[in-house]
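Here are my notes on the model, as numbered points. They begin with the chain as a whole and then turn to a few residues.

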Amino acid sequence: KLVASLEWRPGIRYGIRNGRKYPLTDRAPLVEFTYRKAFGDVFGTEVIASDYDHISIGFKHDYSFAVSGKLDFNLTAGTFLNNNQVFFPDFQHFGGNRTIFSNFGPASNYRFMDYYKYSTSSSYFSGIVHYQFRKFLLTQLPMLRFSGVRENIFLNYLKTENSPHYVELGYSLDNLFRIFRVEFGAGFENGKYLRGGARFGVATFI
């Protein structure tokens, strides 16, 4: 197998402090191209071996809108150019979660999705979007806002060639007691309610 990847931050800027140059990534999303190739039975031993070509492109970024809020997103699209022989470990898998605990990164994984239900060896698109407000509903109250509590919403979407449209919607209270995060949301398949509930985790800034 061969895996090759290229990372690129278009529009990246650099600063200089004390003679040292450092990147400023606040306005430059991370673009990642990945190519995976399984060559099959290259030694002629007539064993059943993986044989596929898989390409993907991803966009990741966390962008702050000054005092308005912060946007985190993680978008990935890909396809198997050929899937002559693809075993399950080589499928494209998506980060699910069936526990009561939330993931560390706000845009890293899905909240309510089964771990391998939507794994695929065909085309797919995955989008995880998270927005943190400075003032939204409860944080309109100055006392609550000045305590450090933040309100977030998230919208997650997944579509593969052979699966229904999967969508997650949710709301969370973040930075509770400067440590915790509580999320409430639900998952839907083709607009029909699938499951929902609460998730507990650490604050997104940690």
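1. In this predicted model, 53% of the contacts between residues at least 6 apart in sequence join residues at least 24 apart. The chain has 1 helix and 11 strands, and from the N terminus on the order of elements is β-β-β-β-β-β-β-α-β-β-β-β.

2. Overall dimensions: the C-alpha trace spans about 70 × 55 × 25 Å along its principal axes. The accessible surface comes to about 12,100 Å², with 61% of that area belonging to carbon and sulfur atoms. Of the 206 residues, 39% count as buried.

3. Asp174 deserves a check. Asp174 sits in strand β9, which covers residues 166–176, and is buried without a salt bridge. Which side chain of opposite charge is nearest to Asp174? That side chain is Arg181, 5.0 Å away.

4. What Asp174 does have is polar partners. Its side chain makes a polar contact with the side chain of Gln132 at 3.0 Å, and the side chain of Thr204 makes a polar contact with that of Asp174 at 2.4 Å. Leaving out residues up to four places away in sequence, Asp174 also touches others, including Gly148, Val149, Arg150, Asn152, Phe180 and Ala203.

5. Thr204 lies in the segment after β11 (192–202). Is Thr204 buried or exposed? Thr204 counts as buried because its relative accessible area is 18%, and the cut-off for buried is under 20%. The side chain of Thr204 makes a polar contact with the side chain of Gln132 at 3.4 Å.

6. Beyond four places in sequence, the contacts of Thr204 include Pro106, His130, Asn152 and Arg181. Thr204 and Arg150 are 54 residues apart in sequence, with their C-alpha atoms 9.9 Å apart in space. Asn152 is in contact with Thr204 and with Asp174; Arg181 likewise touches Thr204 and Asp174.

7. Phe180, one of the residues that Asp174 touches, lies in strand β10 (residues 180–189). Phe180 counts as partly exposed because its relative accessibility is 44%. Together with Phe177, Ile179, Phe205 and Ile206, Phe180 makes a nonpolar surface patch of about 610 Å².

Key
Residues are numbered from 1 along each chain as its sequence is written. This is a predicted model: local features need pLDDT of at least 70, side-chain atom pairs count only at pLDDT 80 or more; totals for chains, interfaces and linings use all residues. Side-chain values use heavy atoms; hydrogens and water are left out. Helices (H or I, at least four residues) and strands (E, at least two) are DSSP runs, numbered from the N terminus. Buried means under 20% relative accessible area, exposed over 50%, partly exposed in between (1.4 Å probe, protein chains only). Lys and Arg count as positive and Asp and Glu as negative; His and the chain ends are not counted. A salt bridge is a side-chain nitrogen of Lys or Arg within 4 Å of a carboxyl oxygen of Asp or Glu. A polar contact is a pair of N or O atoms within 3.5 Å; within protein, one must be able to donate a hydrogen and the other to accept it, and residues adjacent in sequence count only if both atoms are side-chain atoms. Contact means heavy atoms within 4.5 Å. Patches are made of residues with over 30% relative accessible area and no salt bridge: like charges are joined within 9 Å, nonpolar side chains (Val, Leu, Ile, Met, Phe, Trp, Tyr) within 5 Å. Accessible areas come from the Shrake-Rupley method with a 1.4 Å probe; for residues, only the protein chains shown count as cover.
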